[in-house]
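Student: Could we go through this model together, one question at a time?

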Amino acid sequence: MDLYDPQRRGGGHAERPSRGDRGSQSGTGATESAKQAAHRSAIRDRLDALAGAKPLLRVDDLAAGYGTMEILHGVDLRVGQGQSLCLIGPNGAGKSTILHSIFGLTDIRRGKIEVGDRNVTRLGANAKLRDAGVAYVLQESSLFPDMTVEQNLWLGGYLMGSRADAKDAAERIFEHYPGLARRRADPSRVLSGGERRLLEISRALVMRPRLLLIDEPSIGLAPVFIDQVFDMLRELKRRDGLTIVMVEQNARKGLEDADIGCVVVAGEIAMAGSGDELRDDPTVGRLFLGA
Ligand SMILES: Nc1ncnc2c1ncn2[C@@H]1O[C@H](COP(=O)(O)OP(=O)(O)OP(=O)(O)O)[C@@H](O)[C@H]1O
Ligand SMILES: [Mg+2]
């Protein structure tokens, strides 16, 4: 199977027919369409089995993009409370766009996003963070380099009722992460790449989210810092029951702790399984694990 082949046809469990074939009125098109629907249904069933009966996040048939450009063409996702889901896939596949869409930063054409019992499909980013408990750590660095660690952390509470509440929340985080507390008066630009990533995650925790979206937690980091960041995420999941949806270029690392893994190709979910299943899959190994 070649997930990159634009002419790929249905057949294997992870294979998706090319988009040009779908919806065609020709005999072949109809067959491809049926295969496509069967494949989507199989992905949904697998996700339902992995995420349990009442997933915390449920994405159904999401079509979204930027302006008139559709990037996601019917994405289904599920993740249970306290689970982590890792999205992997080639550059430009739409992984970040999935996180953008869940957070409310894209134009949604079709489909539904639910967090808990709530339909949040049309909720903007501020409301997602304040009212729906969804926080987002972006792929690009979003710290203010000349502001101190402490000031950057306070900004995580910008939607809180008062400055005092934001400061209290920051103190709670400092109590938990003494390494960060020691650097509180330093401008964030002097932190190491790993410390900056930990600060960005900490800032996202100020609003006490129940769902954390994080894009490329390990990007640009040396192995020792990658381990620190993943240790922090693992602890947040196990200790606090935080639900995590991450995108990770380092597929081996990302899938290691993931309860659920999904391969995104050309704006669609091409494969879904447990993190271990995907790590053991020969195609995933060849394409994404350097096996
Ligand atoms: N803000 C935007 N406006 C218009 N197009 C965008 C925007 N952001 C991303 N795109 C386009 O959407 C497509 C998917 O991009 P996306 O960033 O979601 O991919 P990705 O899978 O996260 O890739 P990478 O692994 O390189 O981070 C690309 O073609 C990209 O050019
Ligand atoms: Mg990306």
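Student: What radius of gyration does the protein have, and what would a compact globule have?
Tutor: This is a predicted model, in which local features need pLDDT of at least 70, side-chain atom pairs count only at pLDDT 80 or more, and totals for chains, interfaces and linings use all residues. Residues are numbered from 1 along each chain as its sequence is written, while chains are lettered from A and ligands numbered from 1 in the order in which they are written. The radius of gyration is taken over C-alpha atoms, and the globule rule is 2.2 Å times the number of residues to the power 0.38. For 291 residues a compact globule would therefore have a value near 19 Å, which agrees with the protein's 20 Å.

Student: Why is strand 10 described as largely enclosed?
Tutor: Strands (E, at least two residues) and helices (H or I, at least four) are DSSP runs, numbered from the N terminus. A residue is buried if 20 or more other C-beta atoms, placed from the backbone, lie within 10 Å of its own. Strand 10 covers residues 268-273, and it is largely enclosed by the rest of the structure because the number of its six residues that are buried is six.

Student: Which element gives the largest share of the shell around ligand 1?
Tutor: A residue is near the ligand if its C-beta atom, placed from the backbone, lies within 6 Å of it. The residues around ligand 1 include Tyr66, Gly89, Lys95 and Gln139, and the elements giving two or more residues are strand 2 (69-79) and helix 2 (95-103). The largest share, three residues, comes from helix 2.

Notes: A residue is buried if 20 or more other C-beta atoms lie within 10 Å of its own, exposed if 12 or fewer, and partly exposed in between; C-beta atoms are placed from the backbone.
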